[in-house]
Amino acid sequence: MMTLKYPEMTPDYVIGVTPVSNGIYRETEDLFKETFKRMEERGFKIKKKDEIWGQENARACSGEERAQDLMEMMNDEEVDIIMPPWGGHLAVEMLEHLDFSKLTPKWITGYSDISTVMLPITLKTGIATAHMANIVDLRGEEMDDVTGRWFEVLNTRAGETVRQVSSELYQEEWDHEHPTSIVFKLSEQTEWKGFDAEGERVSGMHMEGRMLGGCIDCIRHLIGTEYGDIKQFRKQHTDGESILWYIDDSELDTVDFKRSLVQMQYAGWFNNCAGIIFSRVGKPKMKESYQYKDVYREMATALNVPVLYDVDFGHKPPQMTIINGAYGMIDMEKGKGQLMQQFI
């Protein structure tokens, strides 16, 4: 019996914009006005909370205010999709003020610090959430083939399957001053890479399981709290399936990254793990000669699971849309890959 709840949208397609972390600071107001105009040109209606405008002490407003706004949006019958402006630093503050028992199924989307809120919502309620590009990244005249699949994925119905494939090129560095027609500057050749459970590099692999994850810089702070109870999620919302983890590293250096992964392991997050997929690292920083591929290989052997890395999500776009709670099947062959997600 399926207990995961997959939100469904209505043809009006109303986007609710409310902050969970950073607000829109003065220097970026025009950027977001352009964003909202572009989405309206595509046929979406925009409903905004006043609290999105402004930024003080590294957040839009208090955690309590952000939680109240998010709850109102999730229970607003007009709103189909909630798209916070972007990530930030202090989304964790709002968790204690959310009444998870009163949240109705509604898509909440984004990445980076937004995953601090999305992962607990899925864990505690079984409501699927969508790790994908932030709304500000969708402001281009057009969208690349990978990022642009977001709407199709969110329109997938319960019981259906949706397929996404790897990109041809990815962006190495952000250039916010000179965006392209798709916002990103896709210039580097995409190549998914992997290690098997023995730590041997492989050219092909398959893994599948119930998908969970987010930005490790942020979600590691849920470990040991009621908002990161993986065991309870598996008991309530899965039928014994293994967990297929997807993990984005924004700017943790290799040592901090490894420490955080080991903490996840010690906390039982990787119990009954089907494998891990890692994003391209947003801002790589290596300690001594310790490289990210060393971390990936060590996690593969420590957990005895396959590991895939440099996958299309996270802080180096383009991004596939990955659904917390969906049943995922991921394949890689000679650097190219596909992700199938079943809404079951």
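This is a predicted model: local features need pLDDT of at least 70, side-chain atom pairs count only at pLDDT 80 or more; totals for chains, interfaces and linings use all residues.
A residue counts as buried when its relative accessible area is under 20%.

**Entry 1: aromatic pairs around strand E12**

I looked up the aromatic pairs and found that the structure holds 22. I started with Trp245 and Phe270, whose ring centres are 5.9 Å apart with the planes at 85 degrees, so I noted the pair as edge-to-face. Which parts of the chain does this pair tie together? Trp245 lies in strand E12 (residues 243–248), while Phe270 is in the loop between helix H7 (254–266) and strand E13 (273–279), so the pair joins parts 25 residues apart in sequence. Trp245 has 0% relative accessibility and is buried; Phe270, at 5%, is buried too.

Next I turned to Tyr246 and Phe313, an edge-to-face pair with 5.7 Å centre to centre and 85 degrees between the planes. Tyr246 is in strand E12, and Phe313 sits in the loop between strand E14 (307–311) and strand E15 (322–324), 67 residues apart. Tyr246 is buried, with a relative accessible area of 0%.

**Entry 2: other aromatic finds**

I also found one aromatic cluster formed by Phe195, Phe257, Phe278, Tyr292, Tyr296 and Tyr309. Elsewhere I checked Phe100: the charged end of Lys124 sits over its ring, 5.4 Å from the centre.

**Entry 3: the nonpolar cores**

How many residues does the largest nonpolar core have? I noted 85, and those with the most contacts inside this core include Trp245, Phe257, Phe270 and Ile323. Helix H8 (residues 292–303) gives the most to this core, with six residues. Apart from this core I found another, of 16 residues, with Val146, Met320, Met332 and Leu339 among them.

I then looked up what Ile323 touches, leaving aside neighbours within four places in sequence. Its contacts include Tyr6, Trp107, Val153, Leu154, Met211 and Phe343.

**Entry 4: helix H2**

I checked the length of helix H2 (residues 63–74): at 1.5 Å a residue its 12 residues should span 16 Å, and the end C-alpha atoms are 16 Å apart, so the two agree. Which residues of H2 are buried? I wrote down Gly63, Arg66, Ala67, Asp69, Leu70, Met71, Met73 and Met74.

How values were computed:
Residues are numbered from 1 along each chain as its sequence is written. Side-chain values use heavy atoms; hydrogens and water are left out. A nonpolar core is a set of buried Ala, Val, Leu, Ile, Met, Phe, Trp, Tyr and Cys residues joined through side-chain atoms within 4.5 Å. Buried means under 20% relative accessible area, exposed over 50%, partly exposed in between (1.4 Å probe, protein chains only). Helices (H or I, at least four residues) and strands (E, at least two) are DSSP runs, numbered from the N terminus. Contact means heavy atoms within 4.5 Å. Rings of Phe, Tyr and Trp (its six-membered ring) pair if their centres lie within 6.5 Å; planes under 30 degrees apart count as stacked, over 60 as edge-to-face and the rest as tilted. A charge sits over a ring if NZ of Lys or CZ of Arg is within 6 Å of the ring centre and within 35 degrees of the ring normal. The expected span of a helix is 1.5 Å times one less than its number of residues.
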